[in-house]
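Hello,

Here is the structure I promised to pass on to you. Have a look at it first, and my notes on what turned up follow below.

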Amino acid sequence: ETVIRSDTNSATVAQIFVDLNSKNTVLKKADYIGAMISSVDDKQGPSVRKCFDNFSRLLQNPAQYKEVANDKQFAKDGFLKKISWLAKKKHKPIYKPDYEDVLNVVGQLKFNIIKLDVILDLLKGWNTKKKQYETSISRQTLKKLEAGVLEVSNEYNFLSFEEILKGIGFVDYSILQNNKGAALNFVYAVYLKLKNKLPDRKLAMIIGKWFVMSLLTSRYSGAGYANLQTDLEFVEKDKIEKALDDIEKDKLRQDFWDSDLVIDLTKSSSYRANSTLAVLHAAMINDGTRGFLSKDTKTFQLFQDKGQIHHIFPQDFLKKKGFVEREINQFANLVPTATKINGHIKNKPPKTYLDEVREGVKKGKEEFYGFIDEKSLKTNFEQNCIPEDITKMTERQYETFLKQRRKLMAKKIEKYYKN
């Protein structure tokens with residue numbers, strides 16, 4: 001392990017990183033920035049850097065608080081007290097930015113930039129106008145980074161932002177874990193920039209819609225990452241609502257909901273990592289959807305209790321009929337379901353296990369599924385985007401089922417967003 005002393009100048013820090021990289025040690029730009037933060041000021045610098053690191057560490061694992069608290073200098077400098085709220089057992093974060101994410105949020109919040117290279121140059125003291133290095137710029141940058149990380153890690157700020165996410169259905173980390181990245185960091189920076197400039201309800205609406213819009217359109221994925229810098233220019237109280245309206249008119253036209261979104265639901269990728277499905281799950285939680293074939297268990301509970309994702313046309317059944325994994329694991333064939341119900345269905349085709357359910361309904365028996373009337377069963381189908389005529393389908397109608405359900409899933413997402 002290489003430890004860089006706080007009195008090391010920036011040129012030496014740079015050379016250390018060059019030497020380490022030449023030995024095939026993988027170091028990110030964020031690591032370099034952390035080292036530079038420590039080297040700017042031998043008194044405050046190390047604790048500022050640790051605040052970035054410890055905040056993200058404790059979000060991931062609050063049990064590490066005792067270890068963090070053992071750092072006497074960190075506590076003496078006043079930073080431990082600022083983030084001690086993360087040790088509370090009752091708080092289960094749904095947004096868990098890592099060290100680099102926190103740097104990105106602070107960069108957008110305090111410097112209005114998305115490229116960490118800019119922060120790096122500022123820490124070195126680079127004056128872009130005079131084309132020279134100045135110590136005063138390094139120290140000013142450290143102060144802004146300190147103010148930024150304290151604002152980002154502030155208990156009230158962080159929990160208020162999470163409440164906005166929960167209010168639109170993103171209630172559990174499992175929904176966000178593969179969909180945080182640039183979109184989450186951006187809307188948190190937006191929240192911090194505008195929290196004292198816009199009414200709470202209006203800000204919450206903008207934050208929610210912008211986040212969902214960015215997930216549905218992949219606005220900040222891949223090459224779209226460049227949109228971040230453009231969008232930062234709209235983060236003013238009199239610009240951002242119009243900017244959102246313009247984006248909706250350009251990207252979320254009716255053909256997006258009727259066609260593009262349906263096509264997106266045919267893509268083969270990880271179920272947990274797909275941003276469109278994350279939005280669908282938020283929509284299901286938001287409108288109180290019950291789990292598939294559950295009379296009482298809500299989708300919200302399934303995510304909190306780590307319920308299963310069930311194949312509507314069971315996996316084993318389709319395999320025996322000659323379908324391959326790619327066809328079996330289509331997003332439109334998967335739905336959140338209580339574990340006990342998944343176990344009861346086993347490998348029966350939909351027509352068989354749904355006939356059992358309906359037979360119980362006709363006899364007025366709650367039996368396993370709990371439904372006692374046809375209306376509640378129909379509502380469950382509608383909430384879970386299940387085509388009504390699935391009760392008549394065999395493997396020969398499987399592709400028809402997938403097409404029908406994708407359209408219903410897209411319609412549910414559209415209604416959720418527009419509401």
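Let me begin with the chain as a whole. Of the contacts in the protein chain with a separation of 6 or more, 72% are between residues 24 or more positions apart. Please keep in mind that this is a predicted model. The secondary structure of the protein chain consists of 24 helices and four strands. Among its 419 residues, 49% are buried.

Helix 7, which covers residues 99-111, packs against helix 9, residues 135-152, with the two axes 9 Å apart and an angle of about 115° between them. Helix 7 is therefore roughly perpendicular to helix 9. Their crossing is right-handed.

Which residues make this contact? From helix 7 come Val-102, Val-105, Val-106, Leu-109, Lys-110 and Phe-111, while helix 9 brings Thr-141, Lys-144, Leu-145, Ala-147, Gly-148, Val-149, Glu-151 and Val-152.

Finally, a word on the cysteines. How many disulfides does the structure hold? The count is zero. Cys-51 is buried, and its relative accessible area is 0%. Cys-385 has a relative accessibility of 3%, so this residue counts as buried too, the cut-off being under 20%.

Conventions
Residues numbered from 1 in each chain as written. Predicted model: local features only at pLDDT ≥ 70, side-chain atom pairs only at ≥ 80, totals over all residues. Heavy atoms only, no water. Axes fitted to C-alpha atoms, helices over the stretch in contact; angles between N-to-C directions. Helix = DSSP H or I, 4+ residues; strand = E, 2+ residues; numbered from the N terminus. Parallel < 35°, antiparallel > 145°, perpendicular 65-115°, else oblique. Left-handed = near helix turned anticlockwise from the far one by under 90°. Contact = heavy atoms within 4.5 Å. Disulfide = S-S within 2.5 Å. Buried < 20%, exposed > 50% of the residue type's maximum accessible area, 1.4 Å probe, protein only.
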